[in-house]
Amino acid sequence: MIASKVIVRSFSSSSIIQQLVKPPVQLFGLEGRYATALFSAGSKQKTLDTIEQDLDKLQGLLKTDAKLAEFVNDPTIKRKNKAEALKAIGSKITLNPATSNLLMLLAENGRLNKFNQVFNSFKIIMAANRGEVVCEVITAKALDADTKGKLESALKSFLKKGETIKLTSKVDPSIIGGMIVSIGDKYVDMSVASKIKKYSDIIQAAV
């Protein structure tokens, strides 16, 4: 656990960076660094699946427990107090030491508001570790099973040998129609809203 703290706090040190277990996909930014450190710790301890389950559990708690979410996001509470409280919560719900350590580090560094972004980055790394390619499709209305199946088949053409697709779909009425697709590092906006904006920009430029 102490080693994990050193890893996250010393990213500027090339010797520490070399000690990290290299993830199957490189992520950047603050969230990517925390997620990479957590992946490294979990790889060494062989507890990656347990950590992922822990993070799922925590995300669920933050969605259903309003008081916990308010506590986590309250900037007036001292970092030390948050870290101690989260340590107690970790013990109560039996979190893996690496997961508890992540929470304490985020609290101590005033980064608890980044928890969901860190977890989402960790999920991307874990999906890549399993040979999965995360794909998100946003449509104005929910996809029926037949359309979703056809779309998934079409998206599989982007995959490399040995990869599988992990498709999630979201509904956003503001896009009006069409869809927005992101698969791996590729992003395609085929929404009606984007087309309207494009044509509006052309018209305004011509006036």
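This is a predicted model: local features need pLDDT of at least 70, side-chain atom pairs count only at pLDDT 80 or more; totals for chains, interfaces and linings use all residues.

Me: OK, which residues have the most contacts inside the largest nonpolar core?
Reply: Tyr34, Leu38, Leu55, Leu102, Leu106 and Phe122, in a core of 28 residues. A nonpolar core here is a set of buried Ala, Val, Leu, Ile, Met, Phe, Trp, Tyr and Cys residues joined through side-chain atoms within 4.5 Å. Buried means under 20% relative accessible area, exposed over 50%, and partly exposed in between, with a 1.4 Å probe and protein chains only.

Me: Which elements give two or more residues to that core?
Reply: H3 (29–45), H4 (48–64), H5 (66–73), H6 (79–92), H7 (97–108) and H8 (115–129), all helices. Helices (H or I, at least four residues) and strands (E, at least two) are DSSP runs, numbered from the N terminus.

Me: Switching to Thr36: buried or exposed?
Reply: Thr36 is buried, because its relative accessible area is 11%. It's found in helix H3, and apart from neighbours within four places in sequence, Thr36 is in contact with Leu20, Pro23 and Ile125.

Me: Let's do helix pairs. How do H4 and H7 pack?
Reply: Their angle is about 50°, with the axes 9 Å apart. That makes H4 oblique to H7. Axes are lines fitted to C-alpha atoms, for helices over the stretch in contact, and angles run from 0 to 180 degrees between N-to-C directions. For the wording, angles under 35 degrees count as roughly parallel, over 145 as roughly antiparallel, 65 to 115 as roughly perpendicular and the rest as oblique.

Me: Which residues make that contact?
Reply: Ile51, Asp54, Leu55 and Leu58 from H4, with Ala98, Thr99, Leu102 and Leu103 from H7.

Me: What about H6 and H7, at what angle do the axes cross?
Reply: Roughly 165°, and the axes come within 8 Å, so H6 and H7 are roughly antiparallel to each other. On the H6 side, Arg79, Lys82, Ala83, Leu86, Lys87 and Gly90 meet Ser100, Leu103, Met104, Ala107 and Glu108 in H7.

Me: What's in the loop between H6 and H7?
Reply: Ile93 is one of the residues there. At 24% relative accessibility, Ile93 counts as partly exposed. Not counting residues up to four places away in sequence, Ile93 touches Lys57, Leu58 and Leu61.

Me: Which residues other than glycine have a positive phi?
Reply: Among them are Lys46, at about 55°, and Thr94, near 55°. Lys46 is found in the loop between H3 and H4 and is exposed, with a relative accessible area of 76%. Thr94 is in the loop between H6 and H7, and Thr94 is exposed too, at 62%.

Me: Now the sheet. What's the strand order?
Reply: E2-E1-E3-E4, an open sheet of 4 strands with mixed pairing. Two strands pair if DSSP finds at least two bridges between them. E2 (164–171) and E4 (186–189) are the edge strands, each pairing on one side only. The twist averages 15° from one strand to the next.

Me: In which sense do E1 and E2 pair?
Reply: Parallel, over 8 bridges, with E1 covering residues 132–139. Val133 stands opposite Ile165 in E2.

Me: Which helix packs on the sheet?
Reply: H9 (residues 145–155), touching E1, E2 and strand E3 (179–183). The direction of H9 makes about 135° with that of E2.

Me: Last one: how many helices and strands in the chain?
Reply: There are 10 helices and 4 strands. Of the chain's 207 residues, 36% count as buried.

Note on methods. Residues are numbered from 1 along each chain as its sequence is written. Side-chain values use heavy atoms; hydrogens and water are left out. Contact means heavy atoms within 4.5 Å.
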